[in-house]
Every structure is written in structure tokens, then in C-alpha cells.
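Please keep the sequence and the structure in view while reading.

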Amino acid sequence: MKKCVLFVVLSFVMSLTSLAQFGVGLRDTRYVNVNYTFKNSVGIELEHSVFSEKFKYQHVRLSGFYSLPVKNFEFQVKPYFGTLYCGDYYDLGAFVNARYRVLKPLVLCGTFNPHYDSGFEYKTCFMLGAECNVYKNLSVLAQYTTIPEYRQSEKRIRGGFKFDVGDLWVQPMISIPVESGKAKSVRVSVSMGYQFK
């Protein structure tokens with residue numbers, strides 16, 4: 001009986017994976033995530049912080065997303081809701097992402113981010129950037145952003161590289177504050193993602 005139940009469960013999982021993709025990732029060195037994409041366009045993502053804090057101060061965020069690629073243009077909408085386990089604050093908002101391939105090696109990208117934090121109130125944030133493929137699977141990135149890396153919106157310039165090989169991408173970045181006198185808050189971070197097919 002146990003073998004029969006195991007066979008049914010495995011068959012169900014295999015049928016789901018034929019229609020979907022599972023992925024894992026890391027964002028800005030501090031947030032790990034798992035995601036499930038259904039038919040390459042609609043999906044959900046669960047993100048969890050890896051702060052050097054007690055478990056009750058970790059941040060968890062649930063988001064859904066819809067992607068629409070059209071020729072040289074990609075568009076994605078990703079609403080989210082997050083909170084600490086202890087409930088000290090919560091945040092909600094959406095990422096509206098757009099990418100446009102101007103030339104074969106050059107992509108312009110942007111993000112509109114209406115963001116509400118229960119401790120810092122509402123803020124309209126954004127990111128404007130460019131990505132240039134310089135050699136095979138290596139691209140150079142440059143961005144100007146006000147999207148919070150932690151909780152508060154900051155004006156920052158980000159630069160780095162993106163290595164893209166098959167279903168794996170890795171993106172080391174350096175983040176520099178625009179405001180003078182804040183050089184101590186220069187940050188180095190790594191983001192990455194892998195899709196299981």
C-alpha cells in the first residue's frame with residue numbers, strides 16, 4: 001500500500017513539474033527564495049531573510065508574479081507582502097519591471113516600486129539601469145535606484161557583473177550611496193538564481 005501511495009504522489013509531482021518550473025535564489029546576499037512558475041508566465045515566490053538576528057526578527061515575504069515577453073520587450077508585475085515573525089512591522093507593494101533590448105548586446109531596464117512600510121509609511125521608489133553583454137555569458141550592469149535594500153529608501157548607484165550560464169545566473173554588485181558623507185555604507189552583495197527544468 002505504501003508503494004502505491006508513493007507512486008501516486010510521485011506521479012502527481014511529475015505532472016506538475018512538466019507544466020511548471022521550480023527555482024531557488026538569493027537576493028542581495030540577505031534573502032533566500034524559492035519560486036514556482038506555472039507555464040512560464042504566472043508564479044509565486046517565498047522569500048526569507050538570513051539576517052544575523054534571532055529567528056523572530058527574520059523577514060518573510062510572499063509574492064506573486066506575471067511575466068509577459070514580447071519580441072525585444074519583457075514586462076513583469078510582482079505584488080508582495082512581507083512581515084517579521086514577531087510582527088514589529090510589515091511591508092507591501094509591487095515591483096513593475098520592464099526590460100527592452102535596444103541592440104543585441106544592450107538591454108535597458110527599469111523598475112517602478114510603490115512600497116508601503118508600516119514603520120516608514122508609503123514611498124514611491126524606482127530603478128533605472130542598463131546591462132551590456134561584453135563577452136559570451138558575461139554582462140556589465142549599471143543602475144541608479146531608490147528601492148530599499150533593507151527598509152528605508154536610499155539614493156544609490158549600483159554596478160557589477162552578471163554571469164549567465166544555462167539555468168544559472170550570478171550577479172555580484174557594489175552599491176554606493178549618492179549622498180555625501182555616507183561612504184561607510186558602501187555595500188557589496190551577490191544575487192543569484194537557478195531554475196530546475
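In this predicted model, Asp91 is in contact with His59, Arg61, Tyr80, Phe81, Gly82, Thr83, His115, Tyr116 and Asp117, when neighbours within four places in sequence are set aside. Asp91 belongs to strand S6, which covers residues 90-101. Its relative accessible area is 5%, and because buried means under 20%, Asp91 counts as buried. One of its contacts is polar: the side chain of Asp91 meets the side chain of His59 at 3.2 Å.

Side chains of opposite charge can pair when their charged atoms come close. Asp117 forms such a bridge with Arg151, and the closest N and O atoms of the two are 2.7 Å apart. This pair links distant parts of the chain, 34 residues apart: Arg151 lies in the loop between strand S9 (138-145) and strand S10 (156-165), whereas Asp117 lies in strand S7. The two partners also differ in accessibility. Arg151 has a relative accessible area of 27% and is therefore partly exposed, while Asp117, at 1%, is buried.

The loop between S9 and S10 also holds Glu154. Glu154 forms a salt bridge with Arg187, with 3.1 Å between the closest N and O atoms. Arg187 is in strand S12 (residues 187-196), and the two residues are 33 apart in the chain. Here both partners are buried. Glu154 and Arg187 are also members of a network of salt bridges that includes Arg27, Asp28, Glu47, Glu149, Arg156 and Arg158.

A further bridge joins Lys78 and Glu45, whose closest N and O atoms are 3.0 Å apart. Lys78 sits in strand S5 (residues 73-84) and Glu45 in strand S3 (residues 42-49), a separation of 33 residues. Lys78 and Glu45 are both buried. In total, the structure holds twelve salt bridges.

The nonpolar residues can be considered next. The largest nonpolar core consists of six residues, namely Tyr80, Phe95, Cys109, Cys125, Met127 and Ile147. Beyond four places in sequence, Ile147 touches Phe95, Thr111, Asn113, Cys125, Phe126, Met127 and Glu154.

Leu108 counts as partly exposed because its relative accessibility is 40%.

Definitions and conventions. Residues numbered from 1 in each chain as written. Predicted model: local features only at pLDDT ≥ 70, side-chain atom pairs only at ≥ 80, totals over all residues. Heavy atoms only, no water. Buried < 20%, exposed > 50% of the residue type's maximum accessible area, 1.4 Å probe, protein only. Core = buried A, V, L, I, M, F, W, Y, C linked by side-chain atoms within 4.5 Å. Contact = heavy atoms within 4.5 Å. Helix = DSSP H or I, 4+ residues; strand = E, 2+ residues; numbered from the N terminus. Polar contact = N/O pair within 3.5 Å; in protein donor to acceptor, adjacent residues only side chain to side chain. Salt bridge = Lys/Arg side-chain N within 4 Å of Asp/Glu carboxyl O.
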